[in-house]
Structures are given as structure tokens and as C-alpha cells.
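Thanks for coming. I will go through one structure today, and please keep the view open while I talk.

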Amino acid sequence: MFRTVLTSLLAVLVLCGSAFAAEKTLIAANPTWPPMEFLDENKNIIGYDRDIIAAIAEEIGMKSEFRNIAWDGIFASLESGQANVIASCVTITDKRKKAYVFSDPYYEVHQAVVVAKDSAIKKPEDLKGKKVGVQIGTTAIEALRKMNVDIDLRTYDEVGLVFEDMRNGRLDVVVCDDPSRKEGYKDLMKVAFLTEDVEYIGFVFSKDNAELAAQVNKGLKAIRENGKEKAIRNKWLGE
């Protein structure tokens with residue numbers, strides 16, 4: 001009897017494991033933030049976040065499919081079933097933790113204050129009265145609030161549009177995550193300064209998907225121990 005029960009239990013565990021491996025995990029990304037996530041010439045999602053979650057998936061036997069989802073709908077994609085996890089440079093905040101489950105942090109950033117090459121802006125006080133652009137729904141807005149400076153704040157659906165308006169002279173400042181590197185702007189812009197507060201980046205799951213979050217944390221720990229995380233960081237972000 002005991003052997004029969006044990007055999008049945010093992011069969012259930014094997015089936016569960018197979019189901020986990022066979023079922024595709026849908027991964028949402030807003031690929032507008034090179035080198036974290038962006039599109040190659042064939043419209044495939046590439047970048048640091050993509051490689052990290054792909055390495056994790058390999059470690060835990062998770063089949064995955066990446067989906068390009070606009071930032072303004074990326075959190076809703078978890079509730080709608082369009083995605084099971086968000087891998088898109090999402091800052092872990094207390095407000096977001098009330099609504100979602102986060103993985104362990106896999107990167108840390110500061111907010112960068114980006115200005116034209118010839119700008120004299122060097123510190124928060126210099127932003128007074130300036131036209132400042134940010135991507136809507138990002139922690140750049142909170143960072144600006146903490147500076148407590150009177151600015152002309154303008155929000156955009158995509159960070160690419162923010163940089164475009166800066167290049168065309170319609171903005172004085174862009175505030176965004178420090179790793180963001182938009183092609184075509186390097187010779188025109190510079191980072192005036194970084195915010196002091198450190199922000200931690202994590203993968204995002206719905207509240208009823210804590211089990212997947214736990215599996216991803218195991219995979220994250222594994223790629224840290226076997227050196228894959230370091231290799232990916234060197235590839236996209238340098239030593």
C-alpha cells in the first residue's frame with residue numbers, strides 16, 4: 001500500500017514538473033530602453049533584461065515566449081493573461097509591491113538627468129523653470145518630486161519620444177534610468193548628474209503567481225553562482 005501511494009506521488013510530481021517545463025511562460029517587455037531591452041533589425045527583443053531572464057529560464061527548465069507590450073499597458077498584461085512575468089527594467093517600489101510580487105533584485109540603477117552637450121545644468125537647483133521630459137508611469141517622476149524644484153514637467157508614452165523632443169529643442173532635460181542609451185544621441189547629450197537614491201530592479205509577477213517568482217529566484221541565484229550573470233552584464237553594460 002505504501003509503495004503504491006509513493007509511486008502515485010512520484011508520478012504526480014513528474015507530471016507537475018513536465019507541465020511546468022512544457023507550458024510557455026509569457027514574458028512582457030517594453031523594448032525601448034537600450035541596452036536593457038530593445039529591438040534588433042529583425043524586430044526581436046534583445047538586451048540585458050532579455051538575456052538575464054532567458055538564462056534563468058534555461059536553469060529552471062522554463063520555456064518562454066517574449067512579448068512586446070507598451071509600457072502603459074505592461075502591468076495590466078499580468079491580469080489580462082497576456083504575460084506571466086514582466087522583464088522590463090521595473091523598479092521595485094513599496095507601492096508596486098502592494099499590487100504585485102517581485103523577484104529578488106537583479107540590477108540597481110540611479111536616475112540620470114540628461115541634458116544637451118552645451119548645457120550648464122549640473123545640479124537639481126539648475127532645473128528650475130526648465131522643460132523636463134520623462135516617460136509616463138516611471139520612477140523618474142518621483143525622483144523629480146524629491147528634488148523639490150519648480151519645473152515644467154512633460155510626460156511621454158515612450159522614452160524614445162522624450163529624447164527626440166530633446167534633440168529637436170523642445171525639452172531642456174530628460175530624466176530616465178541611468179543604463180538607458182539611445183542610439184544617435186551620444187554626441188548631442190550628456191549626463192548632468194545622477195540622483196543619489198539607488199533603485200532596485202526586479203521581475204514582476206501577479207499576486208497569484210508567487211510560485212513562479214520563487215522559481216525565478218532560484219534561477220537567478222544559480223546564474224550568479226555559475227558566472228552567467230556576470231558574463232551577461234559584461235556583454236551589455238561593460239566591466
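Predicted model: local features only at pLDDT ≥ 70, side-chain atom pairs only at ≥ 80, totals over all residues.

The protein has 239 residues, and 44% of them are buried. Of the contacts with a separation of 6 or more, 71% are between residues 24 or more positions apart.

Now the sheet. In what order do the strands of the open five-stranded sheet run? The order is E11-E10-E12-E9-E13, and the pairing is mixed. Which strands stand at the edges? Those are E11, residues 152–156, and E13; each has a single partner strand, so one side of each is left without a neighbour in the sheet. From one strand to the next, the twist averages 30°.

Take E10 and E11 as a pair. E10 covers residues 131–135, and its pairing with E11 is parallel, over five bridges.

H5, residues 140–147, touches E9, E10, E11, E12 and E13. The direction of H5 makes about 145° with that of E10. H6, residues 159–167, also packs on the sheet and touches E9, E10, E11, E12 and E13. For H6 the reference strand is E12, and the angle between their directions is about 155°.

Staying with H6, which of its residues are buried? They are Val159, Gly160, Val162, Phe163, Asp165 and Met166. Note that an aspartate, Asp165, is on that list. These buried residues pack against E9, E10, E11, E12 and E13, and also against E2, a strand at 32–33. Just after H6 comes glycine 169, with a positive phi of about 80°.

Back to the sheet, and to E9, residues 111–116. E9 is mostly covered, with five of its six residues buried. What does E9 pair with? One partner is E12, residues 173–177, joined to E9 by five bridges and running antiparallel to it. In that pairing, valine 115 has valine 173 as its bridge partner. The other is E13, residues 189–194, again antiparallel and again with five bridges. There, alanine 116 stands opposite methionine 189.

Next, please move to E6, residues 85–91. Is E6 buried or exposed? Seven of its seven residues are buried, so E6 is largely enclosed by the rest of the structure. E1, residues 25–29, runs parallel to E6 and is joined to it by two bridges. Within that pairing, isoleucine 27 stands opposite valine 85. E6 also pairs with E14, residues 199–206, in the antiparallel sense, over three bridges. The residue to look for here is valine 90, which stands opposite glycine 202 in E14.

Now a helix pair. H2 is residues 48–60 and H8 is residues 228–237; they pack at an angle of about 160°, with axes 10 Å apart. With over 145 degrees counted as roughly antiparallel, that angle makes H2 roughly antiparallel to H8. The crossing is right-handed. On the H2 side the contact is made by Tyr48, Asp51, Ile52, Ala55, Glu58 and Glu59. On the H8 side it is made by Lys228, Glu229, Ile232, Arg233, Lys235, Trp236 and Leu237. How many residues of each class are in the contact of H2 with H8? There are six nonpolar, no polar and seven charged residues.

Asparagine 68 has 48% relative accessibility, so it counts as partly exposed; the exposed class starts over 50%. Leaving out residues up to four places away in sequence, asparagine 68 touches Ala29, Pro31, Leu39 and Ile45. Isoleucine 45 is 23 residues from asparagine 68 along the chain, and their C-alpha atoms are separated by 7.6 Å.

That is the end of the tour, and I will take questions.

Definitions and conventions
Residues numbered from 1 in each chain as written. Heavy atoms only, no water. Axes fitted to C-alpha atoms, helices over the stretch in contact; angles between N-to-C directions. Helix = DSSP H or I, 4+ residues; strand = E, 2+ residues; numbered from the N terminus. Parallel < 35°, antiparallel > 145°, perpendicular 65-115°, else oblique. Left-handed = near helix turned anticlockwise from the far one by under 90°. Contact = heavy atoms within 4.5 Å. Nonpolar A, V, L, I, M, F, W, Y, C, P; charged D, E, K, R; others polar. Buried < 20%, exposed > 50% of the residue type's maximum accessible area, 1.4 Å probe, protein only. Pairing = 2+ DSSP bridges.
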